[in-house]
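Hi,

Here is the model I promised to pass on.

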Amino acid sequence: MATAISVKNLGKQYRIGASQTKFQYGMLRDVLMDTVTAPVRWAKSLTGRSRRPQLDSAQNYIWALNDVSFDLEEGRVLGIVGRNGAGKSTLLKVLSRVTEPTKGTVTVRGRVGSLLEVGTGFHPELTGRENIYLNGAVLGMKRTEIDSKFDEIVDFSEVSQFIDTPVKRYSSGMYLRLAFAVAAHLEPEILVVDEVLAVGDAEFQRKCLGKMGDVAQQGRTVLFVSHNMSAILRLTQEAIVLKKGQLIKRAPSPEAVDFYLSSGQAETGERIWQNEEVPVNAAPFKPVAIRIKDKTGKIVDTVRSTEPTTVEWEYQLDAPVTGLRVGMYLNTMRGEYVFTAFDTDDAQQYEQFGARQAGRYISCCEIPADFFNEGRYYLGVNASSFGVRRYFMDENAISFNVDIAGAPGTQWPEMRQGPIRPRLNWKIEKLD
Amino acid sequence: MTELTKHQPTTIYIKPSTGIAALNLGDLWTYRELVFFMIWRDIKVRYKQTMLGAAWAVIQPVMMMLVFTFIFGTVAKLPTDGDIPYPIFSYTALLPWGLFVGALNQASRSLTTNQNMITKIYFPRLILPLSSVLAGLVDFAIASIILIGLMFYYKVTPAWNILWTLPLFLLLAIITALGVALWLSAINVKYRDVNYVLPFLTQFWQFATPVGYSATIISQKWQLLYSLNPMAGVVNGFRWALLGVGNGPDTALWISIGISMLVLISGLFYFRSMERTFADTI
């Protein structure tokens, strides 16, 4: 087996928050001085000189990837897991040559295609047919290649009757299907899938994963980024775990997933978001912390199944937001959803808190006693205005353990299937 | 699967580039079909959802010609060379000038208008300014029809050598536009000031180019300085080739060619060296 990807000591440095330190004293003299020297700085940066990390203070820089090395053989499917900001997307960007590494080398054998490029280069004024050719060329296909696959692409996209209509008249679903159809027919030697960035509904995501499975079966190399551990377990044989830009584990997928879920997460029952962890486009929403509390109000990593558990999410609104809903997804460690709930699910509550003024808030809820089964669960969080925009999402914000001592059926030392363990009101009647 | 066995996958080495970037023009050749598609896209969408469509390519220079004829010819009574009527005299200049300005404007903004492509996929970034410049040739060709009409009307017969001189002057205009656009588009990635500089720059440049007037009214001692502007060489060349007035290729033209080659080559190197950070800074 030949090596498809060989990554050696890869590092990528980004500049952060330089603008925040500017004018922090706000003196007119500083502002004037800055304005006067601006052309000089500008001229310097044109030559690319002042961008060298050594010249600026080191704290303005962050290593999004740091000393990452791994080899991947042809035909393997590798999962990449890690928290937001762990460097997963940066790694994919370097591999697909969108951005250059700061140090280290990568050797890639074959064409790299990606399912996160859907619709790149699409022009709204052009028809579906024209966009297929344009998008295909942008993705690196030859014209003859597109010609030969054209009918297949149109069939797959299910938009054949609108193929000569400008895509700006398409519904967003049609647009996505067409875009995906082109990307899916690229047939690269190496396929990169970033589920985190995949847009679209569940159906579309399912299609993405299905296509990925096909590609893997054809013996091509796949890199798969996901927060969904069950997808990682189902689709990959092996996975790497990234943490703060470093590769901290490479193992067969079940082992890597276990490692990630049990060690990569905050184990204190509290997760505090640092400023640099919050994407800029989340504004005006800013997550502060999420806490898991037991019935006495203590922050805990392990909760008891027989007692109620409180989940508390603290956040800041820098501007008034209307239609806001703040909520959570609860998942098992295998990535199965247990439930999804929002703080304004109740109509009356929505009336009262749908529009919120700027300020600091806590949304908290109590998960009743006798709910969880044994094991580790993780909580994803989401803040959005329905149908308008999603401010913030972290599908893997915090995890916690559940201890089942005293729960129904614990007199038998056995594993009970299923994520919940309710105390049901059994009645037993003797009929004769 | 069959696709895979047909061509041997190529190996790509990714590493930080240091020092002066290699121009790597071979990469551009590999992606030649994309250049073609980008030009085709630019042309296709240019006049979409306009009522007059491609007629705008004609209307703009014709309106300018009427304005110039009125102001410079009728009101200011500026002389033309060899008693050429003002309309055709200004139109022969407006044609290459329009090409230059259009190409410069489109190409300088080409990276920022296509930023979603830059942040998502790899392709030689040079394709964007290059295809924007080349797409301008279509407007040029459409506007040329009016020139042919004017030449019939005023009974101007060009010398046979326009077959090779005119394309060369056209090439000079394209090289100049591309060279300047390479600089401006790369700067525009980080400093959007370019958007504000552009209108001013093109206006200033037009005054420094004999579009509305004849280059012969510039006094002799300024001629050398004047020839530093490659577009002056282009406009004079167009008039010489089409109308048979003014100087043919002379030292001034060679200076123009030298300057525009210098801008192009330095622009290529600057663009290539900034290219590595485009996706991070755009």
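**Where the two chains meet**

The contact takes 37 residues from chain A and 32 residues from chain B, where two residues count as in contact if their C-beta atoms, placed from the backbone, lie within 7 Å. On the side of chain A that touches chain B, the elements giving two or more residues are helix 2 (28-46), strand 4 (103-109) and helix 4 (128-138) of chain A. Strand 4 of chain A gives the most, with six residues. Helices (H or I, at least four residues) and strands (E, at least two) are DSSP runs, numbered from the N terminus.

By class, that side of chain A has 14 nonpolar, eleven polar and twelve charged residues. Here Ala, Val, Leu, Ile, Met, Phe, Trp, Tyr, Cys and Pro count as nonpolar, Asp, Glu, Lys and Arg as charged, and the others, Gly among them, as polar.

Before you go further, a caveat: this is a predicted model, so local features need pLDDT of at least 70 and side-chain atom pairs count only at pLDDT 80 or more, while totals for chains, interfaces and linings use all residues. Residues are numbered from 1 along each chain as its sequence is written, and chains are lettered from A and ligands numbered from 1 in the order in which they are written.

An open sheet of four strands runs in the order 2(A)-1(A)-4(A)-1(B), with antiparallel pairing; two strands pair if DSSP finds at least two bridges between them. Strand 2 (61-73) of chain A and strand 1 (11-14) of chain B stand at the edges with a single partner strand each, so one side of each has no neighbour in the sheet.

Within chain A, strand 1 (residues 3-15) and strand 2 pair in the antiparallel sense over nine bridges, and Gln13(A) has Trp63(A) as its bridge partner in strand 2.

**A helix in chain B**

Helix 12 (residues 230-243) of chain B is mostly covered, with 14 of its 14 residues buried, meaning that 20 or more other C-beta atoms lie within 10 Å of a residue's own, with C-beta atoms placed from the backbone. Gly244(B) follows helix 12 and has a positive phi, near 70 degrees.

Cheers

How values were computed:
Buried ≥ 20, exposed ≤ 12 C-beta atoms within 10 Å, placed from the backbone.
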